[in-house]
Amino acid sequence: MNVSQRKVYYFDNNATTRVAPEVVEAMLPFLSEFWGNPSSAYHFGHQVGKAIDHARAHVAALINADPREVIFTSCGTESNNAAIHSALVTHPKQRHIITTRVEHSANINYGEFLKKQGYEVTFLPVDSEGKLDLTGLEKAIRPETALVSVMFANNETGVLFPVAEIAEICHRQGVLFHTDAVQTPGKLKIDVKALNVDFLSLSAHKLHAPKGIGLLYVKRRTKFQPYVMGGHQERGRRGGTENVASIVGFGRAAELAMAHLDEENTRVRALRDHLENTILSTISNTIRNGARDPRLPNTSNIAFDFVEAEAVLMLFDQLGICVSSGSACTTGSLDPSHVLTAMGVNPMRARGSIRFSLGRYNTDEEVDYLLKHLPGIISKLRAISPLNPGHTDNPEYHVEAARIKREKEMIN
Ligand SMILES: *Cc1c(COP(=O)(O)O)cnc(C)c1O
C-alpha cells in the first residue's frame with residue numbers, strides 16, 4: 001500500500017494523535033524479541049508481564065489511581081461500554097441510566113441500544129454554551145438509576161464538565177458515577193481520588209500512543225462485572241491476551257503526558273488562542289461554538305457562516321491541512337453534529353463549523369500557514385455560496401444575516 005509522505009499540518013488532535021517517537025521506541029522490543037505471553041509460567045513470558053506491571057504503574061500515576069484499579073481494554077469505546085454494562089448488571093433492579101446529549105457516540109449509541117433492550121436512558125440537555133444544568137441532573141436521578149455517565153471534556157468543543165461536583169451529587173443519592181475522560185490526559189490534571197469518580201475511561205491514541213488500547217479505572221471495592229469475558233487476564237476483569245506492545249506504549253505515553261502538561265497549558269494554549277482570536281477578529285461572520293472557559297487548552301470550534309465545513313475540509317486537504325467538521329458524513333446526507341445541535345446551534349451554522357484541535361507537535365509556523373490560507377478559502381467559498389451576501393435573493397440569507405448581527409451586538 002502507498003501512503004503519502006507529504007508534510008501534514010495536523011490540527012485534529014482530538015480525533016487521534018501522532019504516536020510519540022519515545023512511545024514507538026518503548027514498544028519495539030515487545031514487537032520483536034519479547035513476544036512471549038505474559039501469562040506463561042516461564043521467564044520468557046514472565047518478563048513481559050513485568051513490562052505490563054511497569055506500564056500499569058505509569059498509567060495509574062497519570063490519574064492518581066492504584067495500579068490494581070486499572071483495567072486495560074481495547075479502546076475508549078470499550079471502556080465506556082464496560083462501565084455502563086457493569087453498573088447495570090451488578091444492579092439488576094436499577095434499569096435506568098443518565099448520560100448527556102453531547103457524549104461521544106460510544107455513549108450515545110450504547111444508550112440507544114439499551115433503550116431498545118428495555119432500559120430507561122435519560123440524555124441530559126446542555127445550554128447554548130454546551131454546559132450542563134446540575135439541578136436538572138440532580139432531578140433526573142431516580143431510585144432506579146444505576147449510573148450517571150458524563151464526559152470530562154467534550155471532544156468537539158473542548159467544554160469541560162464539573163466532574164467532581166457531579167460525582168458528589170451522584171454519591172449523595174447513592175448512584176455510581178462514570179466519566180469519559182478520553183480528551184483530558186496531558187491537557188488537564190486528572191486525580192481520581194480528588195474527583196471521587198467510580199469509573200473513568202481513557203484511550204491511548206488520544207495521548208500520543210497507538211490506537212486499539214484503552215483503560216477503565218474502577219474504584220476499589222466497586223462491584224464490577226466484566227464486559228469481555230474469557231481468560232483470567234486483568235485480574236479476571238477483562239479476558240483476552242494482553243495487547244503487550246500497546247500497553248507498554250500507553251505507559252510511556254502516560255509519563256510523557258505528565259511531563260508535557262505545563263507546555264499544553266502555556267505554549268499550546270497560546271497557539272490555540274492566537275488561532276482562534278485571529279480567525280474571529282479577521283474573518284467576518286465567524287463565531288466560537290461553546291463556552292470560552294472552562295475549556296480544554298487545545299480545542300477551538302468555530303462556525304463560519306455561509307460556508308459548508310466539508311468544502312473547507314476538501315480545500316484544506318489539498319494544502320495538507322487536517323481539521324475536522326462535527327458533521328457525520330452518512331450515505332449522501334450531511335447530518336449536523338449532535339453536539340452542536342444539542343447546544344441549539346442551527347443546522348446551517350452547525351454545517352459550517354470546524355474543529356481545530358492542537359497538540360504538542362504543532363508549531364507557530366504551522367498555525368501561520370493555516371491562517372495564511374484560511375481567509376482566501378472562506379471568501380472563495382462564500383463567493384459561490386447561495387447564502388452569501390451577493391445572493392440576497394435567497395430568503396434564508398436575510399434570516400441568518402439578521403441573526404448573526406443580533407448575536408454580534410449582544411457580544412459587543
Ligand atoms: C476518541 C474518543 C472516544 C473513543 O475512543 P476510542 O479509543 O477511539 O474508542 C471516546 N470518548 C471521547 C470523548 C473521545 O474523544
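## Tyr110 and its cluster

Tyr110 has a relative accessible area of 12%, under the 20% cut-off, and is therefore buried. The model is a predicted one. Tyr110 belongs to one aromatic cluster together with Phe113 and Tyr227.

Tyr227 is partly exposed, at 29% relative accessibility. The ring centres of Tyr110 and Tyr227 are 6.4 Å apart and the planes meet at 85 degrees; this angle is over 60 degrees, so the pair is edge-to-face. Tyr110 is in helix H4 (residues 105-116), while Tyr227 is in the loop between strand E8 (214-218) and helix H8 (233-236). The pair thus links distant parts of the chain, 117 residues apart.

## The Tyr9 and Tyr369 pair

Searching the whole structure gives seven aromatic pairs. One of them is Tyr9 with Tyr369: the centres are 3.7 Å apart and the planes are at 10 degrees, under the 30-degree limit, so the rings are stacked. Because Tyr9 lies in strand E1 (residues 9-10) and Tyr369 in helix H14 (residues 364-384), the contact ties together parts that are 360 residues apart in sequence.

Tyr9 counts as buried at 16% relative accessibility, and Tyr369 counts as buried at 19%.

## Charges over rings

Tyr9 also has a charged neighbour: the charged end of Lys7 sits over the Tyr9 ring, 4.9 Å from its centre. In another contact, Arg95 lies over the face of Tyr119, 4.2 Å from the ring centre.

How values were computed. Residues are numbered from 1 along each chain as its sequence is written. This is a predicted model: local features need pLDDT of at least 70, side-chain atom pairs count only at pLDDT 80 or more; totals for chains, interfaces and linings use all residues. Side-chain values use heavy atoms; hydrogens and water are left out. Rings of Phe, Tyr and Trp (its six-membered ring) pair if their centres lie within 6.5 Å; planes under 30 degrees apart count as stacked, over 60 as edge-to-face and the rest as tilted. Helices (H or I, at least four residues) and strands (E, at least two) are DSSP runs, numbered from the N terminus. Buried means under 20% relative accessible area, exposed over 50%, partly exposed in between (1.4 Å probe, protein chains only). A charge sits over a ring if NZ of Lys or CZ of Arg is within 6 Å of the ring centre and within 35 degrees of the ring normal.
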